[in-house]
Amino acid sequence: MSAPVALIVGAGDYIGAAIARRFARGGFTVCLARRNGDKLAPLVAEIETEGGTAYAFTMDARSEESTTEVFARIEADIGPLDLVIFNVGGNVRFPVPETTERVFRKVWEMACFAGFLTGREAARYMAPRRRGCIFFTGASASMRGNPGYAAFGAAKAGLRSFAQSLAKEMGPQNIHVAHLVIDAGVDTAFVRERIAASGADPGSLPPDTLMNPDSVAEAYWALHKQTRDGWTFELDLRPYAEKW
């Protein structure tokens, strides 16, 4: 039998890369998509060196044409998609009076509209086969708005609502839709730079204060392994010391 196929939309250097590695180790053929597909070459090489199979795609998840084209190419040239994970971010900080129309729209396009396009295309292919998983990466902002994050909060809350609607439509068709809330700072260069900019030393943080991207990948693996008599729609993750 051929290997199952996964697509990670928003296969960045941290969470997306960790998800790709985990599912490749689990026997999946992984398809990686990001706006600058050439940046995926090192990750593809790493996965292949470890015995896995990976393909890179340049995809603008905000574009219907780009999204439908990548899905069609994977389905035609690689195989039927068993798993699609939407992992596009858009976390920017702007007080509301300083949030321009362009900023709000761009964040919404990245963190909400792109998720709709990805989820819709995944459902279109999976529904006739009556199998598959569609997962979305959310954030604290999916659940509550915070000062400086109106655009991000609105987009992520919209993504969560879309995922919930999709889950209710696709569940009876044997398609598992889930939303993963990451209620934490993830250990990335971006987060460490923001901590340093605030005047703190990211190197002095106690162990496990920041979330390891591999922990997110393991959560997605566990979601994928669930049996359909006990599917989770929403799973929230946070480090042991995180306030919530």
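Let us begin with helix α3, residues 64-77, and helix α4, residues 101-129, which pack at an angle of about 35° with their axes 9 Å apart. Helices here are DSSP runs of H or I with at least four residues, strands are E runs of at least two, and both are numbered from the N terminus. Axes are lines fitted to C-alpha atoms, for helices over the stretch in contact, and angles run from 0 to 180 degrees between N-to-C directions. The model is a predicted one, in which local features need pLDDT of at least 70 and side-chain atom pairs count only at pLDDT 80 or more, while totals for chains, interfaces and linings use all residues. Residues are numbered from 1 along each chain as its sequence is written, and side-chain values use heavy atoms, with hydrogens and water left out.

Which residues of α3 and α4 meet? From α3 come E64, T67, T68, F71, A72 and E75, and from α4 come L117, T118, R120, E121, A122, Y125 and R129; contact means heavy atoms within 4.5 Å. By class, this contact has 5 nonpolar, 3 polar and 5 charged residues. The classes count Ala, Val, Leu, Ile, Met, Phe, Trp, Tyr, Cys and Pro as nonpolar, Asp, Glu, Lys and Arg as charged, and the others, Gly among them, as polar.

I turn now to salt bridges, defined as a side-chain nitrogen of Lys or Arg within 4 Å of a carboxyl oxygen of Asp or Glu. The whole structure contains 16 of these salt bridges. One of them joins the side chains of D13 and R34, at 3.2 Å from N to O. D13 sits in the loop between β1 (5-9) and α1, and R34 in strand β2, so described as a link between distant parts of the chain, 21 residues apart.Finally, the lining of the largest pocket has 20 nonpolar, 14 polar and 11 charged residues. Helices α5 (150-170) and α6 (189-197) are among the elements that each supply at least two, and α6 gives the largest share, 4 residues.
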